[in-house]
Amino acid sequence: VQLQASGGGLVQPGGSLRLSCAASGTTFSAGVMGWYRQASGKQRELVARIFSEGTTTYIPNVKGRFTISRDNAKNAVYLQMNSLKPEDSAVYLCKMWIRGSGYWGQGTLVTVSS
């Protein structure tokens with residue numbers, strides 16, 4: 001399984017970014033997909049998750065601002081991030097859980113700063 005994340009960058013507070021994660025090497029539609037983030041000096045945290053049938057979960061401090069979605073035809077998961085705050089700055093990583101195993105993609109850096 002290979003996961004390729006993209007879409008990070010520098011954005012001003014209040015701005016938006018859309019992260020993408022493309023998967024290959026497995027049956028994407030059967031997997032649970034998630035976005036984690038890790039800020040400098042902090043523990044990695046699960047930001048959002050989407051199950052194979054479309055159910056989503058979010059941590060409280062991104063709920064209402066971030067939206068996770070998936071396109072099974074394109075083997076991709078997305079994280080739309082709106083109303084970004086400086087505390088959202090982190091390396092964002094995608095992860096897939098499938099058949100009892102977890103797979104990580106590489107990170108993409110998001111920096112929210114004026």
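A disulfide is a pair of cysteine sulfur atoms within 2.5 Å. The structure shown in these views is a predicted model, and it holds one disulfide.

**Figure 1. The disulfide between cysteine 21 and cysteine 94.** The S to S distance of cysteine 21 and cysteine 94 is 2.1 Å. The two cysteines come from distant parts of the chain, 73 residues apart. Cysteine 21 belongs to strand 3 (residues 17-24), and cysteine 94 belongs to strand 9 (residues 90-98). The torsion about the S-S bond is about 55°, so the disulfide is right-handed.

Figure 2. A residue counts as buried when its relative accessible area is under 20%. In the chain as a whole, buried residues make up 38% of the 114 residues.

**Figure 3. The strands of the chain and its overall dimensions.** The chain contains eleven strands and zero helices, and along the sequence the pattern reads β-β-β-β-β-β-β-β-β-β-β. Its radius of gyration is 13 Å, close to the 13 Å that the globule rule gives for 114 residues, so the chain is as compact as a globular protein of that length. The C-alpha trace spans about 40 × 25 × 25 Å along its principal axes. Of the contacts with a separation of 6 or more, 52% are between residues 24 or more positions apart.

**Figure 4. Serine 83 in the loop between strand 8 and strand 9.** Strand 8 covers residues 76-81, and serine 83 lies in the loop that leads from there to strand 9. Although serine 83 is not a glycine, its phi is positive, at about 50°. The relative accessibility of serine 83 is 40%, so this residue counts as partly exposed. Leaving out residues up to four places away in sequence, serine 83 touches Gly14, Gly15, Ser16, Arg65 and Asp88. Lysine 95 is twelve residues from serine 83 along the chain, and the C-alpha atoms of the two are separated by 24 Å.

**Figure 5. Arginine 99 in the loop between strand 9 and strand 10.** The loop that holds arginine 99 runs between strand 9 and strand 10, the latter covering residues 101-104. Arginine 99 has a positive phi of about 50° and is not a glycine. With a relative accessible area of 64%, arginine 99 is exposed, because the cut-off for that class is over 50%.

**Figure 6. Surface and charged side chains of the chain.** The accessible surface of the chain comes to about 5,800 Å². Carbon and sulfur atoms account for 47% of that surface. The chain carries 12 positive and 5 negative side chains. The centres of these two sets lie 3 Å apart.

Definitions and conventions:
Residues numbered from 1 in each chain as written. Predicted model: local features only at pLDDT ≥ 70, side-chain atom pairs only at ≥ 80, totals over all residues. Heavy atoms only, no water. Helix = DSSP H or I, 4+ residues; strand = E, 2+ residues; numbered from the N terminus. Rg over C-alpha atoms; globule rule 2.2 N^0.38 Å. Buried < 20%, exposed > 50% of the residue type's maximum accessible area, 1.4 Å probe, protein only. Contact = heavy atoms within 4.5 Å. Areas by Shrake-Rupley, 256 points an atom, 1.4 Å probe, with all protein chains shown as cover. Lys, Arg positive; Asp, Glu negative; His and termini not counted. Charge placed at Lys NZ, Arg CZ, Asp CG, Glu CD.
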